Amino acid sequence: MTLYPLLFTPVMKNNVWGGRALERYGYSLPDGPIGEGWMIGDHANGVTVVSDGPLQGRGLDELRETHGAELLGSKGMTSHNGRFPLLLKLLDCNDDLSVQVHPSDEYKGLPAGELGKTEMWYILDAKPGARIIYGLIPGVTREKLADAIAQGRVMDCLQQVSVKPGDSFYIPAGTVHALGAGVLVAEVQQNSDTVYRLYDYNRPGLDGKPRELHVEHSLNVINYGESKATRMTTDVRPGEWLTLAQSPYFVVEKGVVNGVWQLATSPDSFEMLVVCDGEGTLSWGGGESRPVKAGQCYLLPAVLGAYELGGRMTVLRSYLP
Ligand code: ZN
């Protein structure tokens with residue numbers, strides 16, 4: 001069976017900090033606050049399933065097994081845990097997320113089968129005044145941070161920045177961070193679900209009890225030196241790619257489609273496309289085409305080759321470096 005651009009039914013996650021904003025893209029959400037839509041996922045905690053076409057109903061885990069390099073590309077075949085190497089999410093932060101940090105692949109305390117988690121965010125929408133936490137204030141050591149956590153004043157150690165739509169952040173493993181209330185985010189990350197929480201605003205979780213904190217793990221994995229985290233605004237001209245993140249795990253670029261743009265996947269890697277705004281068409285192969293619109297996320301198989309985006313839209317594309 002021939003591969004084609006794959007659209008998946010998202011795995012929606014209930015989170016105490018979530019909301020209903022993903023409905024704006026036409027997704028039907030389960031009841032309650034929904035914080036994360038896993039759009040392209042192959043993880044023990046969520047596998048996305050193809051939503052249409054001849055492969056409808058197949059999970060990304062099954063497709064990865066049956067199609068191998070045709071789907072993943074040659075670079076995708078070396079993932080440390082044998083699964084799809086990346087995870088793509090849309091995040092609706094209706095309330096502040098916990099202050100957290102993720103380990104690297106090298107951390108000895110990683111749960112079995114888990115990878116580290118380097119991630120990047122692209123801000124799709126932000127309410128006026130929305131802020132995020134992004135790194136330690138310079139000079140904060142492990143000892144100072146441990147004291148601040150013990151004394152309930154961890155916020156004194158953290159950098160807060162205001163955000164607007166179109167901002168992009170690169171968050172290497174070891175960077176303390178928290179998305180704040182009022183932002184809608186596209187997140188590209190290593191395929192990992194390991195979160196160490198330093199602080200959760202003393203609020204109850206969905207079950208009414210405080211969520212677990214992981215202070216010792218957090219202190220162990222935080223990078224207290226010069227962070228490689230970056231922040232950028234992302235003005236871009238139609239028909240040019242702007243690199244938002246260039247990491248050992250993924251490259252993420254932003255492009256603006258205005259008219260017709262001829263593109264191609266490489267046999268080295270799949271591509272993941274996020275349509276951030278606007279609408280248009282995606283065409284490939286011998287004259288196949290489908291309408292695409294904001295909020296959709298496509299997995300383009302490495303074997304796809306030439307494809308074309310038409311219309312007016314802003315897209316992110318991600319692939320393996
Ligand atoms: Zn995170």
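How many salt bridges does the rule find across the interface of domain 1 and domain 2? The rule finds two, a salt bridge being a side-chain nitrogen of Lys or Arg within 4 Å of a carboxyl oxygen of Asp or Glu.

Before the tour starts, please note that this is a predicted model, in which local features need pLDDT of at least 70 and side-chain atom pairs count only at pLDDT 80 or more, while totals for chains, interfaces and linings use all residues. Residues are numbered from 1 along each chain as its sequence is written, and side-chain values use heavy atoms, with hydrogens and water left out.

**Stop 1: the two domains**

Colour residues 6–231 as domain 1 and residues 241–319 as domain 2; these bounds come from an automatic or database domain assignment. The C-alpha centres of the two domains are 22 Å apart.

Next, display the interface. Here 35 residues of domain 1 are in contact with 29 residues of domain 2, where contact means heavy atoms within 4.5 Å. About 2700 Å² is buried between the domains, and carbon and sulfur atoms give 69% of that area. Buried area is the accessible area (1.4 Å probe) that two parts lose on being put together, summed over both. Select Leu 7, Leu 86 and Tyr 122 on the side of domain 1: these residues lose the most area to domain 2, together 19% of what that side buries.

Now select Asp 268 and Lys 75, whose side chains meet in a salt bridge at 3.9 Å, N to O. Between domain 1 and domain 2, eleven residue pairs are in polar contact, both residues being at pLDDT 80 or more. A polar contact is a pair of N or O atoms within 3.5 Å; within protein, one must be able to donate a hydrogen and the other to accept it, and residues adjacent in sequence count only if both atoms are side-chain atoms. Among the elements that give two or more residues to the side of domain 1 touching domain 2 are strand S1 (6–9), helix H2 (69–72) and strand S14 (183–190). Helices (H or I, at least four residues) and strands (E, at least two) are DSSP runs, numbered from the N terminus.

**Stop 2: Tyr 170**

Select Tyr 170, which is placed in strand S12. Is Tyr 170 buried or exposed? With a relative accessible area of 10%, Tyr 170 is buried; buried means under 20%, exposed over 50%, and partly exposed in between (1.4 Å probe, protein chains only). Leaving aside neighbours within four places in sequence, the contacts of Tyr 170 include Glu 119, Tyr 134, Pro 248 and Phe 250.

**Stop 3: the zinc ion**

Which residues coordinate the zinc ion? They are His 102 (NE2), Glu 119 (OE) and His 177 (NE2), at 2.1 to 2.3 Å. Donors are N, O and S atoms within 2.8 Å of the metal (3.2 Å for Na, K and Ca); water is not among the atoms, so sites may look incomplete. Along the chain, the donors follow the spacing H-x16-E-x57-H. His 102 lies in the loop between strand S8 (99–101) and strand S9 (119–126), and Glu 119 lies in strand S9, so this pair ties together parts that are 17 residues apart in sequence. Both His 102 and Glu 119 are buried.

**Stop 4: salt bridges**

Show Glu 216 and Arg 142, whose side chains meet at 3.0 Å, N to O. This pair links distant parts of the chain, with Glu 216 in helix H4 (residues 215–221) and Arg 142 in helix H3 (residues 142–150), 74 residues apart.

Then show Arg 203 and Asp 200, a salt bridge with its closest N and O atoms 3.0 Å apart. Arg 203 counts as buried at 12% relative accessibility, and Asp 200 is buried at 5%. Finally, select Asp 42, Arg 64, Glu 65 and Arg 83, which salt bridges with shared partners join into one network.

**Stop 5: Asn 223**

End at Asn 223, in the loop between H4 and strand S16 (230–232). Asn 223 counts as partly exposed at 35% relative accessibility. A polar atom of the Asn 223 side chain lies 2.9 Å from the backbone nitrogen of Gly 225. Apart from neighbours within four places in sequence, Asn 223 is in contact with Leu 136 and Gly 174.
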